[in-house]
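Please look over the sequence and the model below before reading on.

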Amino acid sequence: MDKYEMKTEERTLPLIPLRGMSIFPHMVMHFDVGRDKSVNALEEAMVDESLIFLTTQKEAKVEMPTTEDFYQVGTVCKIKQMLKLPGDTIRVLVEGINRGEIKNITQEDPYFEADIEEYMFESEIEKDKETEAMMRMVVEDFEDYVKASNKLSPEVLVSVTEIDEPGRLADVISSYLHLKQDNKQKILEAFHPYKRLETLHIILEEEVEVLEIEEKINQRVKKQVNKVQKEYYLKEQMKAIQKELGEGESVEAEVEEYKEKIEEIDMPEEVKEKALKELGRLKKLSPSSPETGIIRNYVEWIIELPWDKETEDMLDIKKSREILDTDHYALKDVKERILEYLAIRKLTEDMKGPILCLVGPPGVGKTSIVKSVARALNREFVRMSLGGVRDEAEIRGHRRTYVGAIPGRIISSMRKAGSKNPVFLFDEIDKINSDFRGDPASALLEVLDPEQNNTFTDHFLEAPFDLSKVMFITTANSINTIPRPLLDRMEVIRISGYTEEEKLEIAKRHLVNKQLKENGLKKDNLNISDNALKDVITKYTREAGVRNLEREIANIFRKAAKRIVEEDISSVRINSGNLHKYLGVPKYRREKANKEHQIGIATGLAWTAVGGETLSIEVTPMKGKGKVQLTGKLGDVMKESAMTGISYIRSRVEDFNLDENFHKEKDIHIHVPEGAIPKDGPSAGITMATAVLSALAKIPTNSNVAMTGEVTLRGRVLPIGGVKEKVLAADRVGIKKVLLPWDNKKDMEEIPTKVKRNIEFVFVKNMDEVLEHALVKEENKNED
């Protein structure tokens, strides 16, 4: 290290605090002075040797600094030139001479004056290797700084390399640097030349590193800007070419219009990004490209879907009940379930839409009640028939890779509804099929699962759509053909057939008025009596619903309209006496309940897809070899029930006073009429056992009694299903007593009150109780 001799000299000099700048020894700099204290200090300095002490304020924003607001170390400077500027401002040119340190502030007004200790160094000509190395390192650092900053000219490097004195080298280099005030002050406060070089070396390395990082960032930004500029230039060229071809303006305007619509819709971000990405592709494609039509179609589907549109539910339960009762007579279970939903919906906003399945015979009003539900809720109504659907794409749509691809019918129906909370009817869900094109029932699993349908993804859209607010209602004639996983996701509500009284009310309230309107008639033109309507119900229709009833009423009204026009009469009256003139001979003959008791014939009750039916099971024993023959197109389960009943009778031949060899010497023929209709199920077990025993024992069965129940080998009677439908069938034909399994007592709640008044219900546990009521006793026969 060099050997230095440091000299100090004390001076009393005027002081000016500088704002935002520092001056080093050997540095020439000009600055403007405007504060009164600073101007006074300059004037005082010019009087005596033109020397002034310049230090730096710690905070540049301080207007009136005190002794605490500026650094203690500064520079003793020589005033070279002063120039007065307009506005009482003086421009001063100064040259830094030596470092100085404030020892004492002698005065603060009218200007700062301080006792300064001035530091001066005299070095030997020869320098040691360490100092020489430090000087080289600082010069190299400065070269790197100049290259990285691009703010200093190369000539500065030449002038710096010619400086041989270490302290001066550090000061001159420092004067060229754009440093923070703290770093400048550190260099200024390093009195020893070597320490000054070392401090400068550390600061320069940090600055060079920061500048290199800045350069990398600048290059990256410049590259990005160049890319954007390039894209802009190419787009402008494309616009010009398209304009020359006469095809550019429409595409641009169309894309902008689509973009505005997309931005206005509150849709999920991923959907919005996908739509905007497709618009970007559309913008780049030639209008003659076949892909533009596909993209347009896709974007239009996205825009037209009800992402943020929903109708406000009508939560007035009383009004909703009025609407449901006005539109439909009976159907209490369905109405109550909808009103329950409304009540819960009124209490909570986050309720998911229920998924209901209405199961019942044709014509009972399953589809029409769903329309009424939509009206009662003030929601849109959409319907999708699933009968015969066998392609999964019907549900999920086609992928856009296929020619003519479109969304599935669910998304199509949602667009048609125009809101994201409609009442959505899946009609005939029990008639859905599957083949090599996929399984639609499996695709419906996602739709009808409240935990999954908030992100239903159609193959065409390839984006999730929220179905959680949709009220899904399905209809079916039977749950037997609905896949189990699909059935598990739905709440089943059974709709049984109507009683004759309910049908009469439905005809009077709805069907008559509807057919009057459809046939261009008024109430004054046609009068139909209640007895005539009852005859239509009992003699011309036999169904669980009212579809055929409406058809027959329409037939009457058409013929009445023809009479009014042909005969030029004002009105027509229809009653029981002239009904046959309009409908012809009665199609059905109602069996009378008081018909003759017969041997070997028992009345059973059966469930069918169109409601309940009565079955007259006939048994005839004949001499033979013990064969059992069953006819009437019976299924395997029904045949097994017959064999079970015969085995039960054989096990109790003594109790029934039968020939114990009847199974060897007699053939038994069991027949169920209407042989063209397939029949199956275990519920005819007790009926067949009763008929067989009646035929073998030659004891008549009570014609006023109908029965249903499964029989076991020990004679126990097991519960069955479809009780309401079966009981309604018994009521239709005038049965006075119905035998039901003991465990079916719980089903009596579903039976209409009027039917309970017409029929006596007997609940049985075993065949002994069945026979007690079904067979006619000797004393009863005498009375008959």
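## Helices across the sheet

Helix α11 (residues 332-347) lies across β7 (355-359), β12 (471-476) and β13, and runs at about 145 degrees to β13. Helix α14 (residues 409-417), for its part, lies across β8 and β9, at about 155 degrees to β8. Helices (H or I, at least four residues) and strands (E, at least two) are DSSP runs numbered from the N terminus, while axes are lines fitted to C-alpha atoms, for helices over the stretch in contact, with angles from 0 to 180 degrees between N-to-C directions. Contact means heavy atoms within 4.5 Å.

This is a predicted model, in which local features need pLDDT of at least 70 and side-chain atom pairs count only at pLDDT 80 or more, whereas totals for chains, interfaces and linings use all residues. Residues are numbered from 1 along each chain as its sequence is written, and side-chain values use heavy atoms, with hydrogens and water left out.

## The five-stranded sheet

The strands under discussion form an open sheet of five, in the order β8-β9-β12-β7-β13, with parallel pairing; two strands pair if DSSP finds at least two bridges between them. Because β8 (381-385) and β13 (491-494) stand at the edges with a single partner strand each, one side of each is left without a neighbour in the sheet. Neighbouring strands of this sheet are turned against each other by 20 degrees on average, direction ignored.

Methionine 384 has phenylalanine 426, in β9, as its bridge partner.

## The second largest pocket

A pocket is, on a 1 Å grid over the protein atoms alone, an open set of points where a 1.4 Å probe fits, with protein on both sides within 12 Å along at least five of seven lines, and its lining residues have an atom within 4 Å of a point. The second largest pocket holds about 750 Å³ of space, a volume being the space filled by probe spheres set on grid points that are joined across faces, edges and corners.

Its lining comprises 28 residues, of which His328, Gly365, Ser368, Lys514 and Glu550 lie nearest the centre. The elements giving two or more residues to this lining are α12 (366-377), α17 (500-518) and α19 (547-567), and α17 gives the most, with six residues.

## Leucine 533 in helix α18

Leucine 533 lies in helix α18 (residues 530-539) and counts as buried because its relative accessibility is 2%. Buried means under 20% relative accessible area, exposed over 50%, and partly exposed in between (1.4 Å probe, protein chains only). Leaving aside residues up to four places away in sequence, leucine 533 touches Leu504, Ala507, Lys508, Val512, Ile528 and Ile553.

## Backbone details in loops

The peptide bond from aspartate 109 to proline 110 is cis, with omega near 5 degrees, and proline 110 lies in the loop between β5 (89-107) and β6 (112-123).

Asparagine 378, in the loop between α12 and β8, has a positive phi of about 60 degrees although it is not a glycine; at 44% relative accessibility, asparagine 378 counts as partly exposed. Lysine 698, which is also not a glycine, has a positive phi near 60 degrees and is placed in the loop between α23 (685-697) and β21 (700-701). With a relative accessibility of 60%, lysine 698 counts as exposed.
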